[in-house]
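Open the model in your viewer and follow the stops below in order.

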Amino acid sequence: MMLHQLLTRMAACRPDAPVVHDKAGEHSYAELDARANQMGHALLDLKVKPGDRVGILLPKGFDSLAAMQAILRVGAAYVPLDPLSPLSRVRAVVADCSMSAVITERPPADIGVPTLEPTTDFSSMRSVQPIPDPDRKADDLAYILYTSGSTGLPKGVCLSHRNALAFVEWAAAEVGLSPRDRVSSHSAFHFDLSVFDIYATYLAGAQLVIVPESLAFLPGALVDLISNNDVSIWYSVPSALVLMAEQGGLLEQAPRSLRTVIFAGEVFPPNSLFRMHRALPLVRLLNWYGPTETNVCTAFEVSGWLTGPDCAVPIGTAVCGNNVSVVREDGGQARVGERGMLVCEGPTVSLGYWGSELAAGQRFSTGDMVEVLPTGDLRYVGRQDQMVKVRGHRIELGEIEATLLTHPAVTEVAVIAIGSGIEARLVAFVRAGASEPTLLALKRYCAENLPRYMIIDAVRYLREFPRTPNGKVDRARLKDLGNE
Amino acid sequence: MNSEDGGAFLTPLKNFIVNELLDGRDAGFDEFTPLLEWGIVDSISMARLLAFVRVQFGFKVDQSAVTAANVVNLAAFASYLTRIRPGVTVKQARDVGSEVVPEAHSQSTSPPDAPPT
């Protein structure tokens, strides 16, 4: 079984059923299947071969879904690119994994590889006949998701067909997805949450409701979208849900169609979660955990467990056939009440990072510290390194620091995440040269070089950085300064 | 930019953004500075900005009716406020801008780029 066969199978069973609802309206499984074949033939004409990497630089919607399918059908791997990222970063990703083509509406200058435009290169004149089987295996690369990298460059997490299928098959069964369901597509396609949205929908013959990127900062519009489109399954980072609850009227409107809310990517503030549970008592709440490298590797059913506003929600136990272990600092296995780093191995664990040797069956040390609870569930307690989650986005602070250090007025910099939940803020502590750059100048510099979610929120200037006894920047002291 | 284009809103809004959302220094900031693209306005600061509009100008803007295009920069936002401020008739709104928003905070107004319902 290959990942793209989820759609072909459903297109054969339920050709006229709607598969996606985007700005242009509803599209059926048969339409998406035909469009993917047309795109696939265009890719073959461009000499895209099995094993190649092809980028997708498109807004979320029918064309980007068809592009993913087309790329998989010719045996290549797709790489979703962030349309909101600066061009320099897009170019860096294109070059990093040596793409053979990019599918895009507006070909950027100097992208360095051939581009294909959905409106012209994949015309309706092309054949809708199925693409010849490229003879690929389930452990072959299916897609690469680029995440923030501590060295200042994004790194590509490589996932196979088997990795994705192991997760999607578990997830669809866990949620009890059926053809009646309408699944939100809130996450951008270059984030791993979108894998559930897209492929669990295909597996179940359900319908995907595209949430446009432009609505991401408008909680009221997101709540309206749920109500107006009868969304039954919502999956997003907690930050989006907290905003929808506190500013968007989610708890007051309580959309009747909504039956399951899944969240992942960061800790849900317990108070907010308890309020949501009380206001939406019939909605099932699921907490899924897993970095991009493992897909979802643990899960926890929140609904029957939440008894008060102070309950820190566990991340649960291993799922998808994975094994998770908690390794103490001394290398031993953590027992009940002890903490350690969560290590995952199993069918959903990725092949590795692009540029390293890719292999199935790897063991992944997450860098996440967890505590073993008496129930056997795990509870997230923090990170071992400088990776943070800000409004659900995974950020290596070192990547922002490396970028700001290239600003001509910055001599030394440390970036700290202050606060939590929707209040989390990125504060840059800067030792400047002759003149202190304005916050606006530094924001602009970040915007020109980093994804939007990595733009700093505030700047503090220091003449000297606080240091630990061994001379390192004292980040704990900086955090105190940021909170003052 | 004249008052019909949002000129009356510009200075107070600019002062608020520079002092509350930035670091008080306005060098390089003008009505065409990208607010979303440069991370000056996000979902959190948007709520603060709309609260400021309510207090300063005396009318409420429904957050769900604000689209990304309306806050792409200060000029666009001021122009949007001009079109939706109370007392502006549909005809006047048409005269000023292409987007017609008859009331300041119509709950039924969906953003133009929301998916079809």
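This is a predicted model: local features need pLDDT of at least 70, side-chain atom pairs count only at pLDDT 80 or more; totals for chains, interfaces and linings use all residues.

Residues are numbered from 1 along each chain as its sequence is written, chains are lettered from A in the order in which they are written, and side-chain values use heavy atoms, without hydrogens or water.

**The interface.** Select chains A and B. Here 35 residues of chain A contact 30 residues of chain B (heavy atoms within 4.5 Å). The buried area is about 2,700 Å², with 63% from carbon and sulfur atoms; this is the accessible area (1.4 Å probe) lost on being put together, summed over both parts.

**The salt bridge.** Select A:Arg391 and B:Asp42. Their side chains form a salt bridge at 3.0 Å, N to O (Lys or Arg side-chain nitrogen within 4 Å of an Asp or Glu carboxyl oxygen). The count between the two chains is two.

**Ring pair in chain A.** Select A:Tyr235 and A:Trp288. The rings sit edge-to-face, 5.3 Å centre to centre and 70° between the planes (pairs have centres within 6.5 Å; under 30 degrees is stacked, over 60 edge-to-face, the rest tilted). Both residues are buried (under 20% relative accessible area, exposed over 50%, partly exposed in between; 1.4 Å probe, protein chains only).

Key:
Buried area is the accessible area (1.4 Å probe) that two parts lose on being put together, summed over both. Rings of Phe, Tyr and Trp (its six-membered ring) pair if their centres lie within 6.5 Å; planes under 30 degrees apart count as stacked, over 60 as edge-to-face and the rest as tilted.
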